Amino acid sequence: MNGQPRIQVSLDELKKDRVRNINALFKTLAKRQGKIVVNLTSSNNTLIFGVSDNSENGSDFLNWRFKTKTENYSALYYERWIPYEADIYYLDRMYFHIYKTDVSETRAIEYVCLHCDANEPDDAQHARFKQSPHLHFSTAEQPLPHSHIALNNGNLNQILSSLASLHQAIKQAVDMIYWQILIPIKDLQPK
């Protein structure tokens with residue numbers, strides 16, 4: 001980001017539409033369709049939208065999870081919105097993580113991540129890859145876990161032109177993760 005932040009939205013618009021739109025992102029892959037809850041928390045006027053299976057999650061949104069339709073896989077999703085001016089906020093990040101639950105150790109292992117750092121400074125290393133919705137494959141060998149596999153690099157300006165455009169790109173990426181990663185895992189699991 002150089003100059004004005006990308007993806008600026010009024011507080012009223014965020015409160016009016018964002019919860020419904022976030023719920024729509026996970027309609028396909030959430031185990032409890034229509035039952036996931038988008039929680040809103042704020043700290044220093046920064047807004048965090050996070051998703052979980054219930055509304056009693058405490059304030060640590062990085063631990064909020066919701067179950068996917070694939071057994072032993074859960075997800076984390078959050079957005080961080082930072083105040084810019086008056087009642088205008090800008091999107092700092094959208095992060096979606098899939099976790100595999102290791103039942104023998106009762107812990108969740110990060111599996112694949114979809115990130116968008118829309119306001120990564122233009123002169124930062126890897127900026128053009130991080131600004132785009134991008135994937136990380138956490139369980140792969142290095143350098144893949146720390147690589148930024150950009151999904152929309154060819155049309156980044158269009159994707160970052162509005163919240164609606166970015167939301168659509170994220171929705172397509174979430175659906176791709178479901179159909180290309182979670183469904184094949186589900187099909188391989190013993191019945």
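This is a predicted model: local features need pLDDT of at least 70, side-chain atom pairs count only at pLDDT 80 or more; totals for chains, interfaces and linings use all residues.

User: In which sense do S2 and S3 pair, and over how many bridges?

Analyst: Strands (E, at least two residues) and helices (H or I, at least four) are DSSP runs numbered from the N terminus, and two strands pair if DSSP finds at least two bridges between them. Here S2 (residues 37-43) and S3 (residues 46-52) are antiparallel, with seven bridges; Val37, for instance, has Ser52 as its partner in S3. The two strands form a hairpin with two residues between them, and Asn44 in the turn has a positive phi of about 55°.

User: How many bridges join S5 to S6?

Analyst: S5 and S6 (residues 88-102) run antiparallel and are joined by 12 bridges, one of them pairing Glu79 with Met94 in S6. Ala86, in the hairpin of S5 and S6, takes a positive phi near 40°. S5 also runs antiparallel to S3, with four bridges, and pairs with S4 in the antiparallel sense over two.

User: How are the axes of H1 and H4 arranged?

Analyst: Axes are lines fitted to C-alpha atoms, for helices over the stretch in contact, and angles run from 0 to 180 degrees between N-to-C directions. The axes of H1 (residues 11-25) and H4 (residues 163-188) come within 9 Å and cross at roughly 25°. Angles under 35 degrees count as roughly parallel, and H1 and H4 are therefore roughly parallel to each other. With contact meaning heavy atoms within 4.5 Å, the residues of H1 that meet H4 include Ile22 and Leu25, and those on the H4 side include Leu163 and Val174.

User: Which peptide bond is cis?

Analyst: The bond from Gln142 to Pro143 is cis, with omega near 15°. Pro143 is found in the loop between S8 (134-137) and S9 (149-150).

User: How much space lies in the largest pocket?

Analyst: On a 1 Å grid over the protein atoms alone, a pocket is an open set of points where a 1.4 Å probe fits, with protein on both sides within 12 Å along at least five of seven lines; lining residues have an atom within 4 Å of a point. A volume is the space filled by probe spheres set on the points, which are joined across faces, edges and corners. The largest pocket holds about 160 Å³, and its lining includes Lys31, Asp53, Asn72 and Thr101.

Conventions: Residues are numbered from 1 along each chain as its sequence is written. Side-chain values use heavy atoms; hydrogens and water are left out. Angles under 35 degrees count as roughly parallel, over 145 as roughly antiparallel, 65 to 115 as roughly perpendicular and the rest as oblique.
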